[in-house]
Amino acid sequence: DTITINERRQYAHDISFIGSLYNEKNPLNKLSLPPYMQGYINGMVNASLKVYGYNFLEELVNIDVVEALKTAGAVFFEPDKPVTSPDYYIAAHSFIGYQVAETERIQTLNALARYFSVDLYTHSNTSALENVNIHGGVKTLTEMPKVFHLSRINLNMTIKPIQTGLP
């Protein structure tokens with residue numbers, strides 16, 4: 001398949017990112033946590049953003065974090081007859097990990113957009129972004145490959161819970 005002139009105009013970018021900002025997927029955004037616990041979780045998120053290539057969130061989650069999430073209304077998966085409780089894993093990856101992803105994506109896109117032209121294809125709420133060129137989503141099989149091919153740089157920000165993904 002050849003790429004048309006109109007497609008080149010539409011999909012050619014200096015820097016592009018296709019994906020969610022995780023604000024609509026982040027269950028922490030729907031919970032009201034006590035200020036101390038919110039601060040503790042924010043500390044974990046900020047520390048995690050400073051370490052590339054290693055996810056230590058599960059090591060930082062303790063019973064207080066799990067109980068605060070559950071008290072605030074977080075729904076945890078409860079397996080039948082578990083050998084061990086999945087609560088620490090769920091808190092770290094399905095709650096705090098999504099907060100890290102949301103924060104990292106917004107900070108990265110905003111930082112790049114201060115100096116470069118950045119184009120984002122997403123269905124997420126983009127109100128936290130500044131100077132980023134916002135587009136709607138793209139069709140995975142027909143439009144996304146054109147964005148990849150025609151962008152000088154395509155960002156692939158893999159979320160922390162994906163421990164074996166290629167960033």
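Modeller: Before we start, a note on charges: Lys and Arg count as positive and Asp and Glu as negative, with His and the chain ends not counted. Each charge is placed at NZ of Lys, CZ of Arg, CG of Asp or CD of Glu.

Biologist: Thanks! How far apart are the mean positions of the positive and negative charges of the chain?

Modeller: They are 8 Å apart, for 13 positive and 16 negative charges. This is a predicted model, where local features need pLDDT of at least 70, side-chain atom pairs count only at pLDDT 80 or more, and totals for chains, interfaces and linings use all residues. Residues are numbered from 1 along each chain as its sequence is written, and side-chain values use heavy atoms, leaving out hydrogens and water.

Biologist: Good to know. How many helices and strands does the chain have?

Modeller: There are 6 helices and 4 strands, taken as DSSP runs (H or I, at least four residues; E, at least two) and numbered from the N terminus. Along the sequence the pattern reads α-β-α-α-α-α-β-β-α-β.

Biologist: And α5, where does it bend?

Modeller: At Ile 96, by about 35°; that is the angle between axes fitted to the seven residues ending there and the seven starting there.

Biologist: New topic: where is Asn 42?

Modeller: Asn 42 sits in helix α2, residues 35–49. Its C-alpha atom is 8.7 Å from that of Gln 99, 57 residues away along the chain.

Biologist: Why does Asn 42 count as partly exposed?

Modeller: Because its relative accessibility is 33%; buried means under 20%, exposed over 50%, and partly exposed in between, using a 1.4 Å probe and protein chains only.

Biologist: What share of the chain is buried?

Modeller: Buried residues make up 40% of the 167.
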